[in-house]
Amino acid sequence: MTVSEKYVDGRFPVKVEVDFDVCSSNAVCMGIVPEVFEVRDDGYLYVLDEHPPETLRDRLREAVTSCPTGAITLVEDD
Ligand code: SF4
């Protein structure tokens, strides 16, 4: 599959992964990309969309660099 084909459906060709062992549920990522990250009343972070749309790319990268524990990784899709 080519890169252009991956973009046909408007999805950013990465998967959002969170290392829950190091995530401290401080909601920094939720403040940047609430469409993807949500810290709920139970104190846990939930990833709402593992394959977010291209339009969120810049904010996702900001969330990765802003996460104080380095828990967020953007993994290239095959
Ligand atoms: S910014 Fe990082 S540590 Fe904070 S809730 Fe998000 S993934 Fe967890």
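Leaving aside neighbours within four places in sequence, with which residues is Val16 in contact? The legends below begin with that residue.

**View 1. Contacts of Val16.** The model shown here and in the other views is predicted. Val16 is in contact with Val36, Val47, Glu50, Pro52, Leu60, Ile72 and Leu74, once neighbours within four places in sequence are left aside. Val16 also belongs to the largest nonpolar core of the protein.

**View 2. Overall fold.** The protein has three helices and four strands. Their order along the sequence is α-β-α-β-β-α-β. The protein has 78 residues, of which 15% count as buried. Contacts between residues at least 6 apart in sequence were also examined: 62% of them join residues at least 24 apart.

**View 3. The largest nonpolar core.** This core consists of 11 residues: Val16, Cys29, Ile32, Val33, Val36, Phe37, Leu60, Ala63, Cys67, Ala71 and Ile72. Helix H2 and helix H3 (57-66) are the elements that give two or more residues to the core. In soluble globular proteins, nonpolar side chains tend to be buried together.

**View 4. The shell around the ligand.** The ligand is surrounded by 16 residues. Cys23, Val28, Cys29, Cys67 and Ala71 are the closest of them. Two elements give two or more residues to this shell, helix H2 (28-32) and strand S2 (37-39). By residue class, the shell holds 12 nonpolar and four polar residues, and no charged ones.

View 5. Ile32 counts as buried because 21 other C-beta atoms lie within 10 Å. Not counting residues up to four places away in sequence, Ile32 touches Arg59, Glu62, Ala63 and Ser66.

**View 6. Val64 in helix H3.** Val64 has its place in helix H3. Val64 is partly exposed because the number of C-beta neighbours inside 10 Å is 17, and a buried residue needs 20 or more. Val64 touches Ile72 and Leu74, not counting residues up to four places away in sequence. Both of these partners are also in contact with Val16. The C-alpha atoms of Val64 and Ile32 are separated by 9.9 Å, and the two residues lie 32 residues apart along the chain.

**View 7. Positive phi at Ser25 and Ala27.** Most residues other than glycine have a negative phi. Ser25 has a positive phi, near 55°. Ala27 likewise has a positive value, with phi near 70°. Ser25 lies in the loop between strand S1 (14-18) and H2, and Ala27 has its place in the loop between S1 and H2 as well. Ser25 counts as partly exposed because it has 16 C-beta neighbours inside 10 Å. Ala27 is also partly exposed, with 14 other C-beta atoms within 10 Å.

Technical notes
Residues are numbered from 1 along each chain as its sequence is written. This is a predicted model: local features need pLDDT of at least 70, side-chain atom pairs count only at pLDDT 80 or more; totals for chains, interfaces and linings use all residues. A residue is buried if 20 or more other C-beta atoms lie within 10 Å of its own, exposed if 12 or fewer, and partly exposed in between; C-beta atoms are placed from the backbone. Two residues are in contact if their C-beta atoms, placed from the backbone, lie within 7 Å. A residue is near a molecule or strand if its C-beta atom, placed from the backbone, lies within 6 Å of it. Ala, Val, Leu, Ile, Met, Phe, Trp, Tyr, Cys and Pro count as nonpolar, Asp, Glu, Lys and Arg as charged, and the others, Gly among them, as polar. A nonpolar core is a set of buried Ala, Val, Leu, Ile, Met, Phe, Trp, Tyr and Cys residues joined through C-beta atoms within 7 Å.
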